[in-house]
Amino acid sequence: MKLFRRVFIHTTLALGVLDPRQRATQTLLERLRQTGLSLELFIISPSSLAYGQGFYRFVSAPQEKITSELTVSPFLFQTLHKEMVSFEALQKSFHSFDFQNQEISEFLSFVFANAVILRASDIHFEPEESLITLRFRIDGVLHPAATLSPSTYVEILSHIKLLSQMKLNVTREAQDGRFTLILPDVSFEVRSSVIPSGFGETMVLRLLDPHSLFISFEELGLREDDVSTLREELKRPNGMILVTGPTGSGKTTTLYAFLASIKSPELKMLTLENPIEYHLEGVQQTQVDPTEGYSFAEGLKAILRQDPDVILIGEIRDLQTADTALNASLTGHLVFSTLHTNDAAGALPRLIDLGVQPSLLAPALNLIVAQRLVRRLCENCKTPVSLTDAVRDQARDFIKALPKNVLRETFSTPVFYEARGCSACGELGYRGRIGLFEFLKLTPHFDKLLHSEGFSEPDILEAAREQGFVTMQEDGILKALHGQTSLSEVERATGPIDWKRSLKTKKA
C-alpha cells in the first residue's frame, strides 16, 4: 500500500525495461513524461521480466473485442494502390522506407497494405545470419520483397506478438495467435505463427480473405459436369464427401463452398476445425484443443449429441475419427471432411491403412474430390503459344478420347496460352488461382472391388475410368485449352504431362 501512495502522491513511476535504447521504449517513456509523471528506470533481464509478468497471470482485463486490431489508414492504402504496379515498384518502395523517423506500427501498416494490394496470402519473415528476408506468397508462389536489419525485426516481432496475444519472453517455443487487420471497406483476419530457428524466430502471417466465403463452384474451377455431379451428391440427406490434397491446396475453401451452397434455416450445421479460419453465419463452429482433451475424435462424439444434420470435420487423422465420421454418415448425417492423399484413388487405401473396415467405405462414402491449385493466367496479357504439329495432334487425340460427360464442343481447335506480364497483374503474368479437380463417385461396383483381396490404386483408377473419370492432370489440360492456365502451371502442380500414357489409360 505504501508503494501505491508514493506513486500517486509523488507522481513517480518505477519502470523495469530490457533496453531503454529501443525506439518503441523511448516513445512510451516520452508519452508517460507528457502526462506529468517522473520516471525511475531500472534495467532488468528477460528472466526478471518473465518472473514479474507471472504475478499478473490471474488478472483478466475486460475485453470488448475477440482479437487485437491493426488499422491501415485510407490515405496510405489509396496512395499505395496507385503506386504498386509491379514487384519492382514494391521493392523500391521498401528500400526508400524511412525507418529512422517512423514507428514500427506504420511500417507494419505499410507491409500489410502492400500485401493486400498485391493479393498475397502469406507474409514471411525469415531470419538469416546478418539480415531478415521478407517474402510475399502470391498465388501460391513466394516472391522476395525486402531485406530488414535484425534490430528492426526485433521490434516488428514484438509488435506482432503483442497484437497476437503471444508471450513476449518465450523465444524457444512455437507460438500461434491471430489479430484483425482493418482496411478501408474490408477487414482481414491474420493468423500468426512464430517458431524458433537457427538465427532467431521465424514468423509467418496468413491473411484470411473474407471474399473466400462467397466463392461459387464455377469460381472454384469446377467443370460443368463436375458441378452437376456435386449438386446431385449435396442433395442427399446422408453420406460422406471427402476432399483430399496437400496442405495449401484449397480444401477448406472448397468445404466452405459446400456448406454455403446448402445452408438453410431448416438444417443444423456444425463444424469441428483446427483452427477456425472463417466465421460462417448460420453455422455453429467449434475448434479442437488437444491440450484440453478436445481432439477431433472427442469433439466429433460431442457434436453428434447436438442433433446435427450436416457436419464438417476439419481433418481425418486417426481410426477413431474415421470410424465415427463414417458411421455418422450411415446414420442420417451428411458429413464433409478432408484427408491428406495425393489423389482421389489414394483415399481408399489410406482409410484402410488407418484401420477402417473396407465394408464401411462404399456404403458410407458418396464422393471423393481431389484437388490442387494452379495460377490463373492474366486475361489482360496472356499470349497464344505456337504449337508443333506433334503437340497439336496429341491435343486433338486427347480431346477425342474424353469421356462422354465432358463437353468437347469448345475444343475444336487446340490453343494453349502462356504468361507474359502487364501492369494489371504486377508483371507476373498470372492473377488469382483456379482449382484442378478429380471426382471419384463410389458406386456399388466399388463395394465388390473393396472386398476383393489385394486390390490397388490402379484397380480403383481402372474402375473409375469406366464411369468417365477425369484425372487432375487431364482437368488441368482442359483448363489450359480454355485459356484459364498454362501447361507449365499444370505440370508444376501435377508433374510432367505424358500424352501417350493419358491416351493409353483412357482407351484401356
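**Close-up 1. T25 and the residues it touches.** Leaving aside neighbours within four places in sequence, T25 is in contact (heavy atoms within 4.5 Å) with V17, D19 and P20. T25 is found in helix α2, residues 23–34; helices (H or I, at least four residues) and strands (E, at least two) are DSSP runs numbered from the N terminus. With 17% relative accessibility, T25 counts as buried, where buried means under 20% relative accessible area, exposed over 50% and partly exposed in between (1.4 Å probe, protein chains only). A note for every view here: this is a predicted model, in which local features need pLDDT of at least 70 and side-chain atom pairs count only at pLDDT 80 or more, while totals for chains, interfaces and linings use all residues. Residues are numbered from 1 along each chain as its sequence is written, and side-chain values use heavy atoms, with hydrogens and water left out.

**Close-up 2. The salt bridge of E126 and R135.** Side chains of opposite charge can pair when their charged atoms come close. Here the side chains of E126 and R135 meet in a salt bridge, 3.0 Å from N to O; the term stands for a side-chain nitrogen of Lys or Arg within 4 Å of a carboxyl oxygen of Asp or Glu. By this rule the count comes to 20 salt bridges. E126 is buried at 18% relative accessibility, whereas R135 is partly exposed at 25%.

**Close-up 3. R191 meets E277.** This salt bridge has an N to O distance of 2.7 Å. R191 sits in strand β8 (residues 186–197) and E277 in the loop between β11 (269–273) and β12 (284–287), so the pair ties together parts that are 86 residues apart in sequence. R191 counts as partly exposed, at 23% relative accessibility, and E277 as buried, at 15%.

Close-up 4. E489 pairs with R492, and their closest N and O atoms are 2.8 Å apart. Both belong to helix α19 (residues 487–494), three residues apart, which puts about one helical turn between them. E489 is buried, with a relative accessible area of 1%, and R492 is partly exposed at 45%. Elsewhere, salt bridges that share partners join R223, D225, D226, D475 and K479 into one network.

**Close-up 5. Helix α11 against helix α12.** The axes of α11 (residues 296–304) and α12 (residues 319–330) come within 8 Å and cross at roughly 25°; axes are lines fitted to C-alpha atoms, for helices over the stretch in contact, and angles run from 0 to 180 degrees between N-to-C directions. That makes α11 roughly parallel to α12 (angles under 35 degrees count as roughly parallel). From α11, F296, A297, E298, L300, K301 and L304 meet Q320, T321, T324, A325 and A328 of α12. The residues of this contact divide into six nonpolar, three polar and two charged; Ala, Val, Leu, Ile, Met, Phe, Trp, Tyr, Cys and Pro count as nonpolar, Asp, Glu, Lys and Arg as charged, and the others, Gly among them, as polar.

Close-up 6. Most residues other than glycine have a negative phi, and most peptide bonds are trans. The peptide bond from N274 to P275 is cis, with omega near -5°, and P275 is found in the loop between β11 and β12. D185, not a glycine, has a positive phi of about 75°. D185 belongs to the loop between β7 (175–183) and β8 and is exposed at 86% relative accessibility. D307 also has a positive phi, near 55°; its place is in the loop between α11 and β13 (310–313), and D307 is exposed, with a relative accessible area of 63%.

Note on methods
Parallel < 35°, antiparallel > 145°, perpendicular 65-115°, else oblique.
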